[in-house]
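Let us walk through this model one region at a time.

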Amino acid sequence: MTAISTEHQDLTVSGQPVTSPLKDVRALARKMVGHFVDNVAPCGTLPGDALRGDITAVTRACLELAISMLDGTDIPDKTARLEQAAANWAREGIPIDTIQHALHEGFKLGFDLILDRATAEDFDSFKGASRRLLDVLDTINATVSRAYVRELRGVVGEHHTAVHTLTSALLAGHPTSVMARESGIEIAESYHVVALSVPAHPDERNPALNSQVVARRKLRRVQAALADRCADTALSLLSVDGGTLLIPTSTVEDGDLDEFVAFLAHNAQVPVTAAVVDSGAGDIPTAAQRAHELLDMVQRLQCRPALYRFDGLALEYQLTRPGPGSDYLGSLLDVLDAHPELLDTLKRHIGTNLNRQQTARALHVHTNTVDYRLKRVAQLTGFDPTQPAGLWYLRSALVARTYRSGR
């Protein structure tokens, strides 16, 4: 911590303590954050929850720190809050120059508030206050920079690298016993192998915001939720779009997996789609491949975001395998190529588990329009999607068709 260079004395401006204009910390913090958004270009690209939460809270902490140093009181708790905030920003990828710009803008605003009340008679007192304000800025900059750099080093540090390497080895089927022993990470006997798809947060498409920062904040929320539920027992390879989770079966029971995925989606603030295959530690590569194939299939079929298991999709999975049966089924819907709205309605209707209201909402049409289009599908294909036998063939044809062009 930087020491205060001026010997403590009561500092006044116009007969009032020099810190008087800064005392309404909450109101002044809101004003400063508004100023950052309007005048510090990078700040305007930060997501709203960051501005309302971390940035506002840290602005208050900086003001309280400045008041403490100007008054000559203790400051350790304020610097600790700054350190934690700076570490969070480093994990989220908020650029350090954005942080430094905001700090200096806030410092100038506070300095102007004090300066506006000064008169010629306050020269000596104001000189002492100016020196102490420089100490404030020095302390804030040193605290933030130190914590930011330390966290960046930690992100790529030894433990992170060890976990990443071990997870990659398990997914590739390489020997892991030596790596596990050296890293101190225990390998479970069996895992839920989860293929995870995390769509873009709505703010990632907002041109006024920094999409990379928004995406990294989303990823950090998913990782925090994973740590909250599984501590350090789960292994993962994740990006902002999703990835693979290895969750020990002893950590999360199979019956709790649906709620677990819903918990991840709640924290990510986006609808998450996942597929799971259980596996022993030695069979993880095969399980991971199958889980991602299942995930790809449910996404092609436009199924609603949820957790999907192999035993519930075994028939659909088999239909994606090459062969004459798959080729025949895939051709059944060729007649709908000239009517893309009918094909889309059929996909949506199957994806909503035959719920007419949900299908209509997804397509932004009336339920009567859905009924009419399904009748047209029956007329053109010869298979009625409102009847079990017809629906079975149409669903099978749709599954096979989604993979035919890919082959």
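Serine 236 stands opposite leucine 245 in strand S5. This is a predicted model, in which local features need pLDDT of at least 70, side-chain atom pairs count only at pLDDT 80 or more, and totals for chains, interfaces and linings use all residues. Residues are numbered from 1 along each chain as its sequence is written, and side-chain values use heavy atoms, with hydrogens and water left out.

Strand S4 (residues 235-239) and S5 (residues 242-248) run antiparallel, joined by five bridges. Two strands pair if DSSP finds at least two bridges between them. A hairpin of two residues links S4 to S5. Helices (H or I, at least four residues) and strands (E, at least two) are DSSP runs, numbered from the N terminus.

Beyond its neighbours within four places in sequence, leucine 246 is in contact (heavy atoms within 4.5 Å) with residues including Thr167, Leu170, Tyr191, Val193, Leu235 and Ile284.

The largest nonpolar core has 46 residues; Leu235, Leu246, Met297 and Leu333 touch the most other members. Such a core is a set of buried Ala, Val, Leu, Ile, Met, Phe, Trp, Tyr and Cys residues joined through side-chain atoms within 4.5 Å. Buried means under 20% relative accessible area, exposed over 50%, partly exposed in between (1.4 Å probe, protein chains only). Among the elements that each supply at least two residues are helix H6 (158-172), strand S3 (190-197) and helix H16 (388-404). Helix H10 gives the largest share, eight residues. Domain 2 (158-316) and domain 3 (321-405) each contribute at least three residues to this core; the bounds come from an automatic or database domain assignment. Another core lies apart from it, with 40 residues, among them Leu11, Phe36, Ile94 and Ile114. In soluble globular proteins, nonpolar side chains tend to be buried together.

Now take helix H3 (residues 76-92). How far apart are its end C-alpha atoms? They are 25 Å apart, which agrees with the 24 Å that 17 residues should span at 1.5 Å a residue. The expected span is 1.5 Å times one less than the number of residues. Buried residues of H3 include Lys78, Trp89 and Glu92. Glycine 93 follows H3, with a positive phi near 80°.

Two loop residues remain. Glutamine 269 is not a glycine, yet has a positive phi of about 65°. Glutamine 269 sits in the loop between helix H9 (257-268) and S6, partly exposed at 44% relative accessible area. Leucine 354 also has a positive phi of about 65° without being a glycine. The loop holding leucine 354 runs between H13 and helix H14 (356-363).
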